[in-house]
Amino acid sequence: MARKKTIDVALVYDFDGTLSPGNMQEFGFVQAIGKDSKEFWRKNRALAEQNDANEILCYMYLMLQEAKANNISLKRKSFKKFGAQIELFKGVEEWFALINEYGKSKGLNIKHYINPSGLREMIEGTKIAKRFENIYACSFLYDVDGIAYWPAVAVDYTTKTQFLFKINKGIKEIRDNKKINEYLAKEERPIPFERMIYFGDGETDIPCMKVVKEHGGHSIAVYGTPRKKATAMKLIHEDRVNFVCKADYSEGKEIHITVQRILDKIRADYDFQQLLDSHKRTANNK
């Protein structure tokens with residue numbers, strides 16, 4: 001029997017509420033500036049409402065202002081230090097090796113991507129940063145002294161979707177606005193949407209979940225609290241996601257079993273299409 005061709009599969013994750021039980025700013029940064037998380041986010045919402053502004057840009061501006069007012073270093077290494085304090089859901093640290101091994105057994109090369117509205121610099125400080133093929137996230141510009149002074153990239157709910165198309169076309173550069181718009185035949189794209197799985201925790205991930213689902217991929221709404229579970233159940237009821245799973249990534253838990261079955265389907269669908277194509281080629285050559 002001929003050896004199966006290894007194919008790439010993309011697992012794309014939100015971060016806050018999906019891999020971590022809270023917003024990343026709440027693990028170290030908020031404490032460093034002497035505020036509690038509710039106060040920080042209340043101030044952020046007020047800033048956005050008063051100026052009819054984007055909440056993502058507002059939180060980035062607020063971080064810069066609060067850090068400066070409290071004499072907190074905002075060099076890249078400082079963000080990474082805060083990132084090292086971020087808590088992760090149960091099983092997340094082991095998840096990547098676990099699902100990679102299962103994929104390998106099926107002839108699938110699993111590639112992990114992160115696509116959140118959180119900060120790239122903080123994610124780079126986490127224990128799982130090296131697990132990702134690429135991190136499409138918010139980030140800052142830095143001056144000649146290496147201090148953050150202005151947003152470089154702001155990723156909100158709808159702009160997240162552009163990175164799904166970059167994964168689809170194999171584009172790593174966030175700055176790219178040329179290749180992303182060039183025509184590339186579906187069969188030439190490195191990772192078709194049918195071979196994507198998107199993980200998100202709720203309403204802010206709806207555009208990505210829906211894009212992946214409507215293009216033949218699979219979306220999973222994860223939850224860590226009763227409130228998040230209610231949101232996730234609403235999403236599956238509205239047919240916006242395929243699956244709802246508790247945010248426990250341990251071996252044998254619901255999300256692990258669900259992803260295994262999705263990977264089985266991806267492999268079977270690919271092999272079935274190859275069989276169809278081979279029969280068509282044979283018929284055309286006669």
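**Salt bridges and a parallel sheet**

Okay, let's start with one lysine: Lys 106 comes out at 32% relative accessibility, so it counts as partly exposed. Before I go on, keep in mind that this is a predicted model.

Who does Lys 106 pair with? With Asp 264: the two side chains form a salt bridge, 3.9 Å from N to O. What I like here is where the two ends sit. Lys 106 is in the loop between helix H5 (92–105) and strand S2 (108–114), while Asp 264 belongs to helix H10, residues 254–284. That makes them 158 residues apart, so to speak a link between distant parts of the chain. Asp 264 has 24% relative accessibility, so that one is partly exposed too.

Next pair: Lys 160 and Asp 205. This salt bridge comes in at 2.8 Å, N to O. Again distant parts of the chain are linked, with Lys 160 in helix H7 (residues 160–169) and Asp 205 in the loop between S6 and H8, 45 residues apart. Buried or exposed, these two? Lys 160 is buried, and Asp 205 is buried as well.

Glu 238 sits at 31% relative accessibility, so call it partly exposed. Lys 234, at 43%, is also partly exposed. There's a network as well: Lys 4, Arg 267 and Asp 271 are joined by salt bridges that share partners. And if you search the whole structure, how many salt bridges turn up? The count is 21.

Now, over to the sheet. It's an open one, with 6 strands in the order S3-S2-S1-S6-S7-S8, and the pairing is parallel. At the edges you've got strand S3 (134–135) and strand S8 (243–246), each pairing on one side only. Let's zoom in on the S8 end. Strand S7, residues 218–223, pairs with S8 in the parallel sense, over 4 bridges. If you want a specific one to click on, Val 222 has Cys 245 in S8 as its bridge partner. Then there's helix H8, residues 206–214, which packs on the sheet and touches both strand S6 (196–200) and S7. The direction of H8 makes about 145° with that of S7.

Technical notes
Residues numbered from 1 in each chain as written. Predicted model: local features only at pLDDT ≥ 70, side-chain atom pairs only at ≥ 80, totals over all residues. Heavy atoms only, no water. Pairing = 2+ DSSP bridges. Helix = DSSP H or I, 4+ residues; strand = E, 2+ residues; numbered from the N terminus. Contact = heavy atoms within 4.5 Å. Axes fitted to C-alpha atoms, helices over the stretch in contact; angles between N-to-C directions. Salt bridge = Lys/Arg side-chain N within 4 Å of Asp/Glu carboxyl O. Buried < 20%, exposed > 50% of the residue type's maximum accessible area, 1.4 Å probe, protein only.
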